[in-house]
Amino acid sequence: MSDADRENEQSLRISEHERVEIPTLLPLLPVRDVVIFPGVTFPLSIGRTKSLAALERAGEGGFMLVATQRDATTEDPTEQELFPVACVVRVLRVIDSRLGGKQAIVVGVVRTRLGEPVETEPAVMMRLDPLMDLEDDSDECDEMWARVTALAERVIDLHDDYPDEWKSFVAGIATPGLMADVIASTLPLSPEEKITLLTETNPTKRLTRVAMHLEREVTIAETQRALSDKSESDPMEPERRERLLRRRMREIEEELGESDPGIREVEELRERIDQANLPEAAQIQADRELKRLAALPQHAPDRHLIRTYIEWMADLPWSTETEDKLDLKAAREVLDADHHDLEKVKDRILEFLAVRKLAPDTKSPILCFVGPPGVGKTSLGHSIARAMGRNFARASLGGVRDEAEIRGHRRTYVGAMPGRIVQNLRRAASRNPVFLLDEIDKLGSDFRGDPSSALLEVLDPEQNSQFSDHYIEIPFDLSKVMFIATANTLSTIPPALLDRMEVIELPGYTENDKQIIAMRHLVPKQRENHGLKVEQTSITDAAIAKIVQEFTREAGVRSLDRQIASLMRKAARRVASGGPDTRIEIDPEFVAEALGAPPHLSETAERTTLPGVVVGLAYTSHGGDILFLESTVMPGGKGVRLRLTGQLGDVMKESAEAALSWVRSNAERLQLDESPALEASEIHLHVPAGAVPKDGPSAGVAMVTALVSALANRRARGNVAMTGEISLRGRVLPIGGVKAKVLAAARAGIETVILPKRNQKDLVEIPAEILEKIELKLVEDIDEVLEIALEPGDD
């Protein structure tokens, strides 16, 4: 303390036998969540710039004003952001902190009001305005003093970890005001409650409030001891005793006129747990955590972690479920209203409802919808939930690489939380929702684990009734959940996971299907999205047909939806420019003007004008598609060399080797034995587009046809596409994705499709309208393929 500060000092009597000289101008030290009482020694950590300046101004042995912040997050509080009553402290010792800043040991001296600051830099300086305790020699004061002493000794007796020497310390406190201050500083109270006690200058009233708080602490300690000592032979007795004691605690709080926020928080959580109707194991765990929470001080660092865990336990739908709508006719109407076609899926849902109606305890199916993008896999989940009267939950699994995303994190980790299964069940608010696992084929894995392995338990009806999330730690019953997974391809799904699901393929839509979907669903949706009314815009069937045929080439309808949205934007602009009575008709001419040149025109005839080019069919994660196989022969060199380009996978490369081997072994029958190209040449086989990886055995027949076309100089028919695996004996073997490939051929304007005869069973899936447009040729060996696909040679 500087000489200037000592010039004006005030002599204060702080006890019967002690007076102290305190400067009238003192540096201010704001603190967070701490209230210091007169007569109490307390350690302070000081790190803020102005706080360090205040400590330096006071010096060791000097005095400071310690004021508590209203908001602990404020970094540089103003006078209005501090509680109006503070404590003058004497600095006993100052220690340099290893982490920076200072550590100060201070002792409270006297209460004081906060006034206007006299100085603000480098430290805030305020004038001393002390609040002295009132003199009170009444019998009531002596009775409350004795009452507080007895209650404090009772608290010490009830806690085995409190030494008996504390009772001697309590009994030796000299004044009633000091007794109230010392006990108040040790109670687990909020800063607001402690400020209330600090503000009170009447020792009797202060002792009365402290006694109320002590009675509550005694009740809590007695409850904990009674419950721990009680025999387990009568499980209801501890519960009755606990309720009785809690009622007594509430009565004490009501008499006090205020309630402890921590106790109130525990009671609210207890009510939520009671209403959640938890199973026995979960109830035991929740009760254990509630006891831990009640025993912690209000500002303990673990308190919010335990509170968050209990909130998760209370919010999970342990016993809440919706009632299934078992009206098959109504369910069919909902499914038909939301989606066109997709008969397989609709039939499977109606079958489940029928079985559920006859056998209510049957387990929910685990389905996997596989198909290209845009065919309605995700929206089907919403429709199924609506048809069944269930809540809906969705978890996107694309790009998930951490097992904890499925099972959750253990609570020992910072920021731990449950996995996506439990999180979405909480949002669904029922234990029997329709749960969509979107993009299950795009799960990854790395050093953090394999999420697909965690899903094995989730999707196994024999195990998922005891699913354990790492965060919750208590088994949760998933057997009533209807899981639906979606995927674009099955090739990336682990076999063990795939085995647990019932796969339903959604191969794609025909042109007629797309026109119906556009008129029923897409046009009304986009009209509404763009603020247009039915009387303001109309769209003709011919316009939709033009969009489908020339501006989209996909298995689904996403691109079609975008094109319709583009048309609606153009129409909205014209309506907005022309006034509310303007009417726009979207016809083929409007489409051509609004969308420009068509990006998709048939090029099969143009691409196959030269020998060596044939049209193949492929099945990808985006649906069926056509692909061109080009081959050329370059004579010269030693022997026959096969060159393959176009980012071909190993299986496709082996198909090319097998194709060349079959051609060479049958050269005489194909009248190629006199061709010098089979003696010394390089044969180049290319599959555009070169930037797209390709693999699979189904291009075998197309490769043979391309090689024979190039070697025999015979053109392939441009309106013929083919698919099928070959053997070295020339047999055409069955392949997959027949419907998707035939639909792709129809979209591309192909007239004839060559298929393996052993795929005849798959033709029932192809719509009748496609069979009317395309001629299907079923073959058993490669000779039949060549006869159909190649034009006659020049004799």
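This is a predicted model: local features need pLDDT of at least 70, side-chain atom pairs count only at pLDDT 80 or more; totals for chains, interfaces and linings use all residues.
View 1. Lys 546 touches Phe 551, Pro 588, Val 591 and Ala 592, when residues up to four places away in sequence are not counted.

**View 2. The crossing of helix H19 and helix H20**. Helix H19, made of residues 511–529, and helix H20, made of residues 541–551, have axes that come within 10 Å and cross at roughly 120°, and that angle makes H19 oblique to H20. The crossing in which H19 passes H20 is right-handed. On the side of H19 the contact is made by Glu 511, Lys 514, Gln 515, Ala 518, Met 519 and Val 523, while H20 contributes Asp 541, Ile 544, Ala 545, Val 548 and Gln 549. Sorted by class, this contact of H19 with H20 has six nonpolar, two polar and three charged residues.

**View 3. The packing of helix H25 on helix H28**. Helix H25 (residues 700–712) and helix H28 (residues 782–789) pack at an angle of about 60°, and their axes are 10 Å apart; the two helices are therefore oblique to each other. H25 passes H28 in a right-handed crossing. In this contact Val 701, Val 704, Thr 705 and Val 708 of H25 meet Ile 782, Val 785, Leu 786 and Ala 789 of H28, and the residues of the contact divide into seven nonpolar, one polar and no charged. As a guide to reading such a helix, an α-helix has 3.6 residues a turn, so residues three or four places apart point the same way.

**View 4. An open sheet of five strands**. The strands of this sheet follow the order E12-E13-E14-E11-E15, and their pairing is parallel. Strand E12 (392–396) and strand E15 (502–505) stand at the edges, where each has a single partner strand, so one side of each is left without a neighbour in the sheet. On average, and with direction ignored, neighbouring strands of this sheet are turned by 20° against each other. Helix H13, residues 343–358, packs on the sheet and touches strand E11 (366–370), E14 and E15, with a direction that makes about 145° with that of E15. Helix H16, residues 420–428, lies across E12 and E13 and runs at about 150° to E12.

**View 5. Strands E13 and E14, with helix H17 packed against them**. Strand E13 (residues 434–438) and strand E14 (residues 482–487) run parallel and are joined by four bridges, and Leu 436 has Ile 484 in E14 as its bridge partner. Helix H17, which spans residues 451–458, is mostly covered, with six of its eight residues buried; these are Pro 451, Ser 452, Ala 454, Leu 455, Glu 457 and Val 458. The buried residues of H17 pack against E13 and E14, and also against helix H15 (404–407), H16 and helix H18 (495–498).

**View 6. Strand E7 and its antiparallel pairing with E4, E6 and E10**. Strand E7 (residues 102–113) pairs with strand E4 (residues 41–46) in the antiparallel sense over six bridges, and in this pairing Leu 44 has Ala 104 of E7 as its bridge partner. Strand E6 (residues 85–96) also pairs with E7 in the antiparallel sense, over 11 bridges, and here the bridge partner of Val 91 in E7 is Val 106. Two bridges join E7 to strand E10 (residues 130–131), and these strands run antiparallel, with Thr 112 standing opposite Pro 130 in E10.

**View 7. The enclosed helix H26 and the glycine that follows**. All 10 of the 10 residues of helix H26 (residues 738–747) are buried, so H26 is largely enclosed by the rest of the structure. Just after H26, Gly 749 takes a positive phi of about 85°.

Terms used
Residues are numbered from 1 along each chain as its sequence is written. Side-chain values use heavy atoms; hydrogens and water are left out. Buried means under 20% relative accessible area, exposed over 50%, partly exposed in between (1.4 Å probe, protein chains only). Two strands pair if DSSP finds at least two bridges between them. Axes are lines fitted to C-alpha atoms, for helices over the stretch in contact, and angles run from 0 to 180 degrees between N-to-C directions. Contact means heavy atoms within 4.5 Å. Angles under 35 degrees count as roughly parallel, over 145 as roughly antiparallel, 65 to 115 as roughly perpendicular and the rest as oblique. A crossing is left-handed if the near helix is turned anticlockwise from the far one by less than a right angle, and right-handed if clockwise. Ala, Val, Leu, Ile, Met, Phe, Trp, Tyr, Cys and Pro count as nonpolar, Asp, Glu, Lys and Arg as charged, and the others, Gly among them, as polar.
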